[in-house]
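Biologist: I have the model open and would like to go through it with you. Can we begin with the terms and then move to the ligand?

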Amino acid sequence: MSLDELTEKELPVSEAIQFAQSSSKFRTLSPGPIPIPAAPSIRSLVESVSDARANVDVMASHQSENGTISTASSTVSLIESEKAAYEYLPQTPIKSTDAHLVEFSEAMRTVAKALRRVAEGKAAAQAEATEWKRKYELETAQKQQSKIKGCSCCSGNNLEKLASQLTLETPVSDQSVCCGKHGICSHEVLQDEVPGPNPRSSHKMVGRKASFKLSWGCNGDKNGQHKHDFVSFEKGDITTAERSNKQILLKWESPPQTVLFITKPNSNSVRVLCAEMVRWLKEHKNLNVFVEPRVSKELLAEDSYYNFVQTWDNDEETKLLHTKVDLIVTLGGDGTVLWAASLFKGPVPPVVAFALGSLGFMTPFPSEQYRECLDNVLNGPFSITLRNRLQCYVIRDAAKDELETEEPILALNEVTIDRGISSYLTYLECYCDSSFVTCVQGDGLIISTTSGSTAYSLAAGGSMVHPQVPGILFTPICPHSLSFRPLILPESVTLRVQVPFNSRGQAWASFDGKDRKMLSPGDALICSISPWPVPTACLVDSTTDFLRSIHEGLHWNLRKTQSFDGPRE
Ligand SMILES: NC(=O)c1ccc[n+]([C@@H]2O[C@H](COP(=O)([O-])OP(=O)(O)OC[C@H]3O[C@@H](n4cnc5c(N)ncnc54)[C@H](O)[C@@H]3O)[C@@H](O)[C@H]2O)c1
Ligand SMILES: Nc1ncnc2c1ncn2[C@@H]1O[C@H](COP(=O)(O)OP(=O)(O)OP(=O)(O)O)[C@@H](O)[C@H]1O
């Protein structure tokens, strides 16, 4: 087969490599006056060949196990093939001519092309597997929810009435019998013993979780109808008839009863305000209050009056918080909202964020007016912004199976993959669904939600995006290239960022600036939009709040207005 035929035919990788290796031109390359490939290029050739073999192995194992994706054999064969390639090279008698060199480099280009195709195929398969896993989890959670809705202890008017009359304590374990492991039950029966301050022994004070309805206001007339996007293609004319992205309103169907406070630590003013607000909510609204264990200790140290305040002891109880809490109140800056969101690995109750930080993009409520603000929210209806989160999985090279991932991590702002303490450029291969996007060579990459667009991504040159825009931002950090502009991708995509085997160093992933994880060569990070957004209450509405925060927080496009007395035509 000639080289031209090879290039045109787009051979499978294995054959392309075989061709390159067995090519007589390849064997007869020799040193001399002609510049031969220097050591680094030979090394990269070896790496390409070994990478290719690893990829071929991966593909083979995809096929061999009835669709089960496995990368187990790739590491072994990679090491073996790299060794073999290194052993092979010194034995190769090298002679040279210009033509041979040209042909040799063309052969290598063909191999590289084939490698790229295999890598894309692999990424597609892996992204698809992750997507299926996500869908499966979502479906399981939904089934669980519908089971709960239909289960006898949660439905039926009589039973509900009965439950509301009961004053006995419901142990946490009983809830899991009713609602399964996830405890995703919006009609949880939690009971309140006696109104007013209770002794701390009745620690698991309970109330029924409030139910609510969401509605989509249209052109400001808040008519409660949710109009879906509608694409008509009648008579071959494609028309978009409706856009659903209107302001979302939350209307309580039963009064909220339990509020969770999340507060910024180490701040005296926050501690004082928290104590005051808790007292007000108990005395004026007769609400149950949950606080973090640290805050519970602080309140009790201040006054035993706060005995009624509830908290939790362990991770298992944290996982059940969403079944008990109707509303989250945060006191702090944006970091406190991020912290609050991070406590909820599944559904998140609506968040009312009071501004006690310096910037406050996600904290629209003025703390001085907490009474009016909370009154409005507790009575409803109120506008909310549904803030998407990123669901991220780290897949280790050592994992036996593509689905053997670590626990997913949810990020409200962004996931950042950077060079950490390494002084080398990061080298990251990025794929979007089945398509190769680019290789990032620079300080790193930010994959951001639209809510996070005004945070780190903005500092790295990304655009500011309204939080209701359905997209994912792809923003490089200090790319060492003149043409690497930031991208915004649709929210439906799954992104895969891979540290290739020939990367000079490790990379580090962090989630909303926390929880740093090292990514070694061969490891990958997969991100898609999580099914669990964070609903944040608006002071006015999504757009007004967003514009106010970029004006007041960032002084966006602030410029003195020109005087009227300039030159005239
Ligand atoms: N160079 C940078 O701009 C840079 C560097 C590292 C982290 N960060 C951001 O900090 C966030 C963590 O926040 P933190 O409070 O825990 O850390 P922090 O205390 O270091 O504060 C970071 C700053 O970012 C602001 N911020 C956070 N989320 C924002 C958002 N969605 N829109 C606008 N501003 C926002 C905060 O108000 C705060 O002023 C990360 O998610 C990341 O976006 C930014
Ligand atoms: N409840 C909490 N528990 C532990 N850490 C928290 C909690 N709330 C906030 N933090 C952390 O405290 C730090 C500061 O919080 P936050 O950003 O809200 O306040 P700030 O720095 O005063 O505000 P800003 O960043 O707007 O100036 C953040 O890193 C955040 O992760």
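Modeller: A polar contact is a pair of N or O atoms within 3.5 Å; within protein, one must be able to donate a hydrogen and the other to accept it, and residues adjacent in sequence count only if both atoms are side-chain atoms. This is a predicted model, where local features need pLDDT of at least 70, side-chain atom pairs count only at pLDDT 80 or more, and totals for chains, interfaces and linings use all residues. Residues are numbered from 1 along each chain as its sequence is written, chains are lettered from A and ligands numbered from 1 in the order in which they are written, and side-chain values use heavy atoms, with hydrogens and water left out.

Biologist: How far is the polar side-chain atom of Thr 336 from an oxygen atom of ligand 2?

Modeller: The distance is 2.6 Å. Trp 339 also has a polar side-chain atom 3.2 Å from a nitrogen atom of ligand 2. From the backbone, a polar atom of Leu 359 is 3.3 Å from an oxygen atom of the ligand.

Biologist: How much of ligand 2 does the protein bury?

Modeller: Taken alone, ligand 2 exposes 610 Å², and the protein buries 70% of that. Such areas come from the Shrake-Rupley method with a 1.4 Å probe; for residues, only the protein chains shown count as cover.

Biologist: Which residues are closest to ligand 2?

Modeller: Lys 264, Glu 292, Gly 333, Thr 336 and Ser 358 are the closest of the 15 that surround ligand 2, each with a heavy atom within 4 Å of it.

Biologist: Which element gives the largest share of that shell?

Modeller: H12 does, with three residues. Strand S5 (258–263) and helix H12 (334–342) each supply at least two. Helices (H or I, at least four residues) and strands (E, at least two) are DSSP runs, numbered from the N terminus.

Biologist: Changing topic, which residues touch the most others in the largest nonpolar core?

Modeller: Phe 261, Met 277, Val 329, Leu 331, Val 352, Phe 354 and Leu 374, out of 39 residues. Helix H9 (residues 268–285) gives the largest share of this core, eight residues. A nonpolar core is a set of buried Ala, Val, Leu, Ile, Met, Phe, Trp, Tyr and Cys residues joined through side-chain atoms within 4.5 Å. Buried means under 20% relative accessible area, exposed over 50%, partly exposed in between (1.4 Å probe, protein chains only).

Biologist: And how much of the chain is buried?

Modeller: 47% of its 569 residues.
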